[in-house]
Amino acid sequence: MQKNHEKITSNNHHILNDSFFITKKTDKSIKIKTKTTKVNDFKNHHISNYSTYLSEIFKKENNIAIWKRKLNTDLIKASNHFILKNPNLEFSKVIKKNSLKKMCSEIEFDYKILIIIEDINKLVNEFCDLFNIKSVWLRLDAINKPMCPKFHTDDVRCRMVTTYRGPGTQWIPQNLIDKNIKESDIMELDIGHVALLKGEGWQGNEGNGLVHRSPHKNTEYKRLYMTIDFVEFYHKLNHNRLNKNI
Ligand SMILES: [Fe+2]
């Protein structure tokens, strides 16, 4: 199991100048009031109650597509159980579509969490179908502090994210970039929401990757966070890491 993928990914972020957005001081001292995501048609992002509209990410103007799904009670219970059983989880594997067994063998598994594995399997399949690919880089982490605390864009084509427990990813609408960002401009995905984040690596999207960061909370949290990436990104990161170690 790969344990240090966060260290690797940190080399593939475009960290944005703090003063350009929100100062560090503000991050620490003021309780951030974030907008929860509403169904809307803002420019550059598409938000819907239906998974089929995740395909809106293919529109040139959109750099995030959000499926505002709600987790049912069983999934919420299973997520709590999952994090109890796997408090330090750092799952990171390239997996094929419908690889439930492979994932189950890598974690502290019991049948109470099967519903989450099945849900992740559906999301993997959704990502594969959208992009016509057969495998993905899947990560599932139990975390209690921001993984990427500064606003940044990623050198990826596109990434799917969802949070099963704890606060969701924060992001800024593209039409507000280059403006004086207020805390109230920061959007936050809710628990269960599934989002496709378009990065700098998407052809023609250079300079317009989604600006985002890990959630900032004043209180401690336990977060169960999933990301799905293209396998090519996994290989690129490992290649860069190996070259650095030579
Ligand atoms: Fe990121």
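User: How many bridges join β5 to β6, and in which direction do these strands run?

Analyst: This is a predicted model, in which local features need pLDDT of at least 70 and side-chain atom pairs count only at pLDDT 80 or more, while totals for chains, interfaces and linings use all residues. Residues are numbered from 1 along each chain as its sequence is written. Helices (H or I, at least four residues) and strands (E, at least two) are DSSP runs numbered from the N terminus, and two strands pair if DSSP finds at least two bridges between them. Ile95 stands opposite Val136 in β6; β5 and β6 are joined by seven bridges, and their direction is antiparallel.

User: In what order do the seven strands of the open sheet lie, and which strands stand at its edges?

Analyst: The pairing in this open sheet is mixed, and the strand order is β3-β4-β11-β8-β13-β6-β5. Each edge strand has a single partner strand, so one side of it is left without a neighbour in the sheet; the edge strands are β3 (45-48) and β5 (90-96).

User: What is the average twist from one strand to the next?

Analyst: Axes are lines fitted to C-alpha atoms, for helices over the stretch in contact, and angles run from 0 to 180 degrees between N-to-C directions. From one strand to the next, the twist averages 15 degrees.

User: Which residue in β4 stands opposite His46?

Analyst: β3 and β4 (residues 64-67) run parallel and are joined by four bridges. The residue in β4 opposite His46 is Ala65.

User: Which strands does helix α5 touch where it packs on the sheet?

Analyst: Two residues are in contact if their C-beta atoms, placed from the backbone, lie within 7 Å. Helix α3 (residues 73-85) packs on the sheet, touching β6 (135-143), β8 (158-165) and β13 (223-229), with its direction at about 90 degrees to that of β8. Helix α5 (residues 114-131) also packs on the sheet, and its direction makes about 140 degrees with that of β6. The strands that α5 touches are β5, β6, β8, β11 (194-198) and β13.

User: At roughly what angle do the axes of α3 and α5 cross?

Analyst: In α3, Asp74, Leu75, Ala78, Ser79 and Phe82 meet Ile115, Ile116 and Asp119 in α5. The axes of α3 and α5 come within 8 Å, and their crossing angle is roughly 110 degrees.

User: How many residues of β13 are buried?

Analyst: A residue is buried if 20 or more other C-beta atoms lie within 10 Å of its own, exposed if 12 or fewer, and partly exposed in between, with C-beta atoms placed from the backbone. On one side of β13, Arg223, Tyr225, Thr227 and Asp229 are buried, and on the other so are Leu224, Met226 and Ile228. β13 is therefore largely enclosed by the rest of the structure, the count of buried residues being seven of the seven.

User: Which residue in β13 is the bridge partner of Val161?

Analyst: β13 runs antiparallel to β6, with seven bridges, and antiparallel to β8, with five bridges. In β13, the bridge partner of Ala142 is Leu224, and that of Val161 is Thr227.

User: Which residues touch the most other members of the largest nonpolar core?

Analyst: A nonpolar core is a set of buried Ala, Val, Leu, Ile, Met, Phe, Trp, Tyr and Cys residues joined through C-beta atoms within 7 Å. The largest such core has 50 residues, and β6 gives the most to it, with five residues. The members that touch the most others are Ile64, Val136, Ala195 and Leu196.

User: Is Lys222 buried or partly exposed?

Analyst: Lys222 lies in the loop between β12 (211-213) and β13. Leaving out residues up to four places away in sequence, Lys222 touches Ile83, Ala142, Asn144, Arg165 and Gly166. Lys222 has 14 C-beta neighbours inside 10 Å, so its class is partly exposed.

User: What is the value of phi near which Asn132 lies?

Analyst: Most residues other than glycine have a negative phi. Asn132 lies in the loop between α5 and β6, and is exposed because 6 other C-beta atoms lie within 10 Å. Its phi is positive, near 55 degrees.
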